[in-house]
Amino acid sequence: MLAILLAAAALPAAAAIDIQPGKSSFEFVDSRGRPDRPIEVYTYRPAACDASCPLQFVIAGVHRDANVYRDSWAAAADRYRFVVLAPEFPARYWPHAAAYNLGDVKAESDPAKWTFSAIEHLFDAVRTTQAGYAIFGHSAGGQFVHRMLLFLPDNRATVMVSANPGWYTMPEWRKADAKDPFPYSLVDARVGESELKRALGRRYVLMLGTSDVDPDADYLSKTPGAEREGASRYERGHNFFKAAAASAKALGVPFGWKLVDVPGVAHQGSAMGRRAADLIYGNP
């Protein structure tokens, strides 16, 4: 009997939602957040992966085409043996940037109802032995990831990667030093100095395509607040990272972020995803 119990204890814990081998999808109802807004989750589990493989969340860009992003990560998942989860936040439930890129934080006072929190809730539904997860977002998804870091700094991600965001919530909490209030900085936001201190010490990677320099690129925000961050995605990203390093110094806290320029790549999500997978799971 003891041998049976020990053997059972060695098996992975059962997840509430079992991820099937190969490409699949399931509907996730976030009972702890917004159960009225079901999320379709596109998944890929390599044949070599069991339920204890690492979990990789992938957040789509402005088109919310999570299945396309899932497909673009499949080859890397086979190579490095991890499970891909690409949750889709449809515009009918999460309209415009306010609900998606910005996490619905202005409309919702309860952090459990923020769009970012759905990732944590989904992780609990699919995890077995995993204590954490990796998360990657491209373009609007990259905005999602960096704001998730700022607004939920105690999330369980082991690494967070933003690729080619179009504009940012700058890591500035001081009203006198901010060019613009939220959503362009943390001034008048629901979080502030305390959350920023924790966020700056996390493992966060900002990836920028060196050819993503078109100031008139499709879907690049042209609001005055975004324009003050820089002319292009590449310039805005470098300014964001410099501001974060300066904030860490001003606050006297460790700075755990990394900036990675990806040579010759513009605004291609698949190319940035392949580079991110190498960085997270292989040799940087």
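Which residues line the largest cavity? In this predicted model, the lining is made up of Asp30, Gly33, Arg34, Ile39, Trp94, Ala112, Lys113, Trp114, Thr115 and Ala118. The volume of that cavity comes out at about 50 Å³, and the structure holds one cavity of 30 Å³ or more. One of the lining residues, Ile39, belongs to strand S2, which spans residues 39–45, and that leads on to the sheet.

The sheet is an open one, built from eight strands in the order S1-S2-S4-S3-S5-S6-S7-S8, with mixed pairing. Strand S1 (22–28) and strand S8 (258–262) sit at the edges; each has a single partner strand, so one side of each is left without a neighbour in the sheet. From one strand to the next, the twist averages 20 degrees. Helix H9 (residues 233–251) packs on the sheet and touches both strand S7 (204–209) and S8. The direction of H9 makes about 155 degrees with that of S7. Within helix H9 lies Ser247, which has 3% relative accessibility and therefore counts as buried, the cut-off being under 20%. With neighbours within four places in sequence left aside, Ser247 is in contact with Pro171, Trp173, Leu196 and Leu200. Of these contacts, Leu196 and Leu200 fall in helix H7, which covers 193–200.

Now for strand S4 (residues 83–88). Six of its six residues are buried, so S4 is largely enclosed by the rest of the structure. Val83, Leu85 and Pro87 point one way from S4, while Val84, Ala86 and Glu88 point the other way. The burial takes in both sets, Glu88 included.

At 0% relative accessibility, Ile59 counts as buried, given that the cut-off is under 20%. Leaving out neighbours within four places in sequence, Ile59 is in contact with Pro87, Tyr100, Ile119, Ile135, Phe136, Gly137, His138, Gly141, Phe144 and Val145. Pro87 in that list is one of the S4 residues described above. Ile135, Phe136, Gly137 and His138 come from strand S5, which takes in residues 133–138. As for Phe144, it is 85 residues away from Ile59 along the chain, yet their C-alpha atoms are separated by 7.7 Å.

Strand S5 in turn pairs with strand S6 (residues 157–163); the two run parallel and are joined by six bridges. In one of these pairings, Tyr133 has Ala157 of S6 as its bridge partner.

What joins Cys49 to Cys53? The link is a disulfide, with an S to S distance of 2.3 Å. A search of the whole structure turns up one disulfide, and it is left-handed, with -100 degrees about the S-S bond. Cys49 and Cys53 are both buried.

Most residues other than glycine have a negative phi, and most peptide bonds are trans. Against that background, the peptide bond joining Phe182 and Pro183 is cis, with omega at about 15 degrees. Pro183 lies in the loop between S6 and helix H7 (193–200). Asp188 is found in the loop between S6 and H7 as well, and has a positive phi, near 70 degrees. With 60% relative accessibility, Asp188 counts as exposed, because the cut-off for that class is over 50%. Another positive phi, near 65 degrees, belongs to Arg81. Arg81 is found in the loop between helix H3 (74–80) and S4, the strand whose six residues are buried.

Definitions and conventions:
Residues are numbered from 1 along each chain as its sequence is written. This is a predicted model: local features need pLDDT of at least 70, side-chain atom pairs count only at pLDDT 80 or more; totals for chains, interfaces and linings use all residues. Side-chain values use heavy atoms; hydrogens and water are left out. A disulfide is a pair of cysteine sulfur atoms within 2.5 Å. Buried means under 20% relative accessible area, exposed over 50%, partly exposed in between (1.4 Å probe, protein chains only). Two strands pair if DSSP finds at least two bridges between them. Helices (H or I, at least four residues) and strands (E, at least two) are DSSP runs, numbered from the N terminus. Axes are lines fitted to C-alpha atoms, for helices over the stretch in contact, and angles run from 0 to 180 degrees between N-to-C directions. Contact means heavy atoms within 4.5 Å. On a 1 Å grid over the protein atoms alone, a cavity is a set of points where a 1.4 Å probe fits but cannot get out, and a pocket is an open set with protein on both sides within 12 Å along at least five of seven lines; lining residues have an atom within 4 Å of a point. Grid points are joined across faces, edges and corners, and a volume is the space filled by probe spheres set on the points.
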